[in-house]
Amino acid sequence: MDFQTLLYDVDADGVATITLNRPDALNALNRQLVGELGQAMRAAKSDPAVRGVVLTGSGEKAFAAGADISEFAGMEPLEAHRFALRGQAVFNAIEQMPKPVVAAVNGFALGGGCELAMACHLRVASESAQFGQPEVNLGLIAGFGGTQRLPRLVGHGIAAEMLLTGDRIPAERAERVGLVNKVVPAGELAEAAKAFVMTIASKAPVAVAMSLQALRAADLPLPQGLQQEAALFGQCVATEDFAEGVGAFLNRQKPEFQGR
Ligand code: COA
């Protein structure tokens, strides 16, 4: 697929890699990039050959250094409100992908870059990666989901520290506080992110999609979240993959899931 601000590639194993590709601006998220990211995610979702997505940044310095600040000058409140809603919609679509989406954070993940990584299902970071929500330095707040997803991932205290001070935290601390699943040397990042996708892709696809749906219900009050979990648990039993998985276990065979 042809994009101006992204690279999109699907490898022989069915892993789509979407690379934010504005290295001269540290992959800052301008309007065009946000729009193209939405298109690329829709392409990955609808392509049956794609089993999962790795999202990363081009160059050695940045995953994404946030929203493109050059587009902020002269912005009116209504326009800014719409801009935030548009970014949130694209990031929500990433979170709602039925296939695994893994962020491979290769450098700065700041502002919208940190928010983008948080909208992915899992995050792998290189040892030199840094995370932060520096919007307060610009007289702004996070607007692409940061004030909501960060406390859900790391708890209120650390989220408050990051959102109020604007300070960056290194990969090692990000892993310790639960913002990142795994930290690896830079040279192993792509491989580690793909390994997560391949592990998940080897499981029952409908159960993976339903696990993702149930995880999203963790934002609901507990009784409603539990109801959703039970309903999805019931639906799993109607799938061919359930019959295959249980049958294979009982017969000591390897399951061959069809995603049905
Ligand atoms: N929007 C637009 N351009 C950005 C950008 C952003 N968020 N972040 C970096 N850039 C551009 C810089 O303007 C610079 O462009 P230039 O070479 O044409 O001058 C280029 O990317 C390299 O950045 P630079 O600041 O020179 O690199 P650095 O290594 O000194 O610092 C950062 C790196 C990430 C610490 C610094 O760029 C930064 O603080 N960026 C803004 C982060 C931010 O506030 N994000 C939230 C936005 S809401």
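Start at the contact between the two domains: nine residues of domain 1 touch five residues of domain 2, where contact means heavy atoms within 4.5 Å. Select 6-201 for domain 1 and 205-250 for domain 2; such bounds come from an automatic or database domain assignment. This is a predicted model, in which local features need pLDDT of at least 70 and side-chain atom pairs count only at pLDDT 80 or more, while totals for chains, interfaces and linings use all residues. Residues are numbered from 1 along each chain as its sequence is written, and side-chain values use heavy atoms, with hydrogens and water left out.

**The domain interface**

Taken over C-alpha atoms, the centres of domain 1 and domain 2 are 27 Å apart. The two domains bury about 540 Å² between them, 61% of it on carbon and sulfur atoms. Buried area here is the accessible area (1.4 Å probe) that two parts lose on being put together, summed over both.

Now show Arg 152 and Asp 219. Their side chains form a salt bridge at 3.0 Å, N to O. The rule asks for a side-chain nitrogen of Lys or Arg within 4 Å of a carboxyl oxygen of Asp or Glu. Across this interface it finds one salt bridge.

**Strand β5**

Select 101-105. Five of the five residues of β5 are buried, so the strand is largely enclosed by the rest of the structure. Buried means under 20% relative accessible area, exposed over 50%, partly exposed in between (1.4 Å probe, protein chains only). Strands (E, at least two residues) and helices (H or I, at least four) are DSSP runs, numbered from the N terminus.

In a regular strand the side chains alternate between the two faces of the sheet. Check both sides of β5: Val 101, Ala 103 and Val 105 are buried on one, Val 102 and Ala 104 on the other.

Leu 55 has Ala 103 as its bridge partner.

**Aromatic rings**

Finish with the four aromatic pairs. Rings of Phe, Tyr and Trp (its six-membered ring) pair if their centres lie within 6.5 Å; planes under 30 degrees apart are stacked, over 60 edge-to-face, the rest tilted.

Select Phe 3 and Tyr 8. Their centres are 6.4 Å apart and their planes at 65°, so this pair is edge-to-face. Phe 3 is buried at 12%, and Tyr 8 is buried at 14%.

Last, show the cluster of Phe 72, Phe 83, Phe 91 and Phe 144, linked by ring pairs.

Technical notes: Two strands pair if DSSP finds at least two bridges between them.
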